[in-house]
Amino acid sequence: MSISVLNPPAYCILNDHHHHQLQKFNASPLPPISVCKCRIRSVRPVTAVMVADETSSSLDSSPISTSTFPLFQPSLPPEPTPATQLEPADPDFYKIGYVRSMRAYGIEFREGPDGFGVYASKDIEALRRARVIMEIPLELMLTISQKLPWMFFPDIIPVGHPIFDIINSTNPETDWDLRMACLLLYAFDCKGNFWQLYGDFLPGPDECTSFLLATEEDLLELQDKELASTLREQQRRALEFWEKNWHSAVPLKVKRLAPEPERFMWALSIAQSRCIDKQIRIGALVQDSNMLVPYADMLNHSFEPNCFFHWRFKDRMLEVMINAGKKIKKGDEMTVDYMDGKMNNLFMQRYGFSSPVNPWDVIQFSGNARVHLDSFLSVFNISGLPEDYYHNSKLSYDDDRFVDGAVIAAARTTPTWSDGDIPPIPSLERKAVKELQEECQQMLAGFSTTVDQDQKILESIPEATRTHEAAIKYRLHRKLFIEKVIQALDIYQERILF
């Protein structure tokens, strides 16, 4: 899951609790996407695109300077907490995996206010081939096949156990997360199972950012009726499933797995935010599977990741590998891309976090105004096809700081025109820019709060729940993106017309 778009500044790395996912919302859950746990250094979730063989290296880029336009000088966000200021993981966290053949090379797990992260413990020079930093054997994972008949690796559910009947009652096409939640709950109750120990290091209900655990007040804070409606439907679906299968007449061996709906909601949020969608090969069997992979689920999200996943079928292991050509410094965070090509609302549905520099976010313009495509791209040194846009830093000034993921998104979402070799007419371009900016201003006016008000609210509620904080940040990031588009249009007309 990794299309290299742009090298965002270090502060753009997302963290999940769960650090650690331009379409209409569906009431059914998002299909599993090869991804792993998620955390946004202010919010956290889980998942990462699985790539069987990836050798592409990301382009280095340094954002565009706005020194010529002092009105648009962006204020720099606070730097992320250095790895040295985070607490090392409990030794038992390593021990329970190492005695079961999990291995890590040149990395360390650290824990901060937003949960776990994976950091380089030494400098790693760029090589022409990918290198392994983590190996997790199949025996530690929880795995279910994506299609009937349901197959489990390892097969921990005994024949005749009623939890299998519950799993078998799910919709094969849409209910992958319900099946994984059931398997996870059973693993917690299975004597001697690794997940009984590993579960101590998973985020608790009060630490998760999943909106399955959100209150109605949290949903209203989103200021997005469509997203709030989708999240309510997700909550209703989970509650109905629990009521159907955990009624008073259910056997005790099932009842004790989730005696309260909150317990099932939590397990479902862990399954959604940490599940990996991966094709694995075991002997002669090739199987598309949904997987919960311990330790790998501690990797956080970035739109410019430095790692990817690879299945080593000979040893039945999942490998976490550093992208070829990627140089890593000691203390750098190791990241993966949870979902490629997805808007912030989809990240919120699955992981409970958003980003102001998501290169795939979209604004739905309704007017007829258009700007010249090639001219817009050339102003910001954006190269590639629309699905592969990236900032060409070699054409930029040394101190360029303006171009980031939001500008890449603006290049995709801003209405444009292109007609062969016909050049843009300055007066028409100026008129189009004005109309597009006015429409953006109308979108901002539609929110009940401003950017400044949202920032003050975040500063005034340091003890807010994670879902409440994530909801406010979502609407804030949406407004920041719209403002970025306005600024980009201003810079465009200044640079292209004069």
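Which residue forms a salt bridge with Arg-236, and how far apart are the closest N and O atoms? In this predicted model, the partner of Arg-236 is Glu-233, with the closest N and O atoms 1.9 Å apart. Local features were taken at pLDDT of at least 70 and side-chain atom pairs at pLDDT 80 or more, whereas totals for chains, interfaces and linings use all residues. Residues are numbered from 1 along each chain as its sequence is written, and side-chain values use heavy atoms, with hydrogens and water left out.

A salt bridge is defined by a side-chain nitrogen of Lys or Arg within 4 Å of a carboxyl oxygen of Asp or Glu. The structure contains 19 salt bridges. Helices (H or I, at least four residues) and strands (E, at least two) are DSSP runs numbered from the N terminus. Arg-236 and Glu-233 are both located in helix H6, three residues apart, which is about one turn of the helix. For accessibility, buried means under 20% relative accessible area, exposed over 50%, and partly exposed in between (1.4 Å probe, protein chains only). Arg-236 is partly exposed, at a relative accessible area of 36%, and Glu-233 is likewise partly exposed, at 23%.

Arg-478 and Asp-361 form another salt bridge through their side chains, at 3.7 Å from N to O. Arg-478 belongs to helix H14 (residues 466-497) and Asp-361 to the loop between helix H9 (344-350) and strand E16 (371-372), so the pair ties together parts 117 residues apart in sequence. Both Arg-478 and Asp-361 are buried. Helix H14 also holds Lys-473 and Glu-469, four residues apart, or about one turn of the helix. Their side chains meet in a salt bridge of 3.1 Å, N to O. Lys-473 is buried, with a relative accessible area of 11%, while Glu-469 counts as partly exposed at 23% relative accessibility.

Strand pairing was assigned where DSSP finds at least two bridges between two strands. Four strands make up an open sheet with antiparallel pairing, in the order E9-E8-E11-E10. Strand E9 (152-153) and strand E10 (275-282) are at the edges with a single partner strand each, so one side of each has no neighbour in the sheet. Strand E8 (residues 142-145) is joined to E9 by two bridges, and the two run antiparallel. Thr-143 is opposite Phe-153 in E9.

Axes are lines fitted to C-alpha atoms, for helices over the stretch in contact, and angles between N-to-C directions run from 0 to 180 degrees. Helix H3 (residues 176-189) lies across E8, E9, E10 and strand E11 (285-292), and runs at about 140° to E8. Helix H8 (residues 261-274) lies across E10 and E11, at about 65° to E10.

A further open sheet has three strands in the order E3-E5-E6, again with antiparallel pairing. Its edges are strand E3 (87-88) and strand E6 (115-120); each has a single partner strand, so one side of each is left without a neighbour in the sheet. Two bridges pair E3 with strand E5 (residues 107-112) in the antiparallel sense, and Glu-87 is opposite Glu-111 in E5.

Rings of Phe, Tyr and Trp (its six-membered ring) were paired if their centres lie within 6.5 Å; planes under 30 degrees apart count as stacked, over 60 as edge-to-face and the rest as tilted. This rule gives 28 aromatic pairs. Among them is the tilted pair of Trp-246 and Phe-264, at 5.5 Å centre to centre with 45° between the planes. Trp-246 lies in the loop between helix H6 (225-245) and helix H7 (252-255), and Phe-264 lies in helix H8, 18 residues apart. Trp-246 and Phe-264 are both buried. Ring pairs also link a cluster that includes Phe-93, Tyr-94, Trp-195 and Tyr-295.

A charge sits over a ring if NZ of Lys or CZ of Arg is within 6 Å of the ring centre and within 35 degrees of the ring normal. The charged end of Arg-281 is placed over the ring of Phe-313, 4.1 Å from its centre. Lys-484 lies over the face of Phe-402, at 4.1 Å from the ring centre.

Conventions:
Contact = heavy atoms within 4.5 Å.
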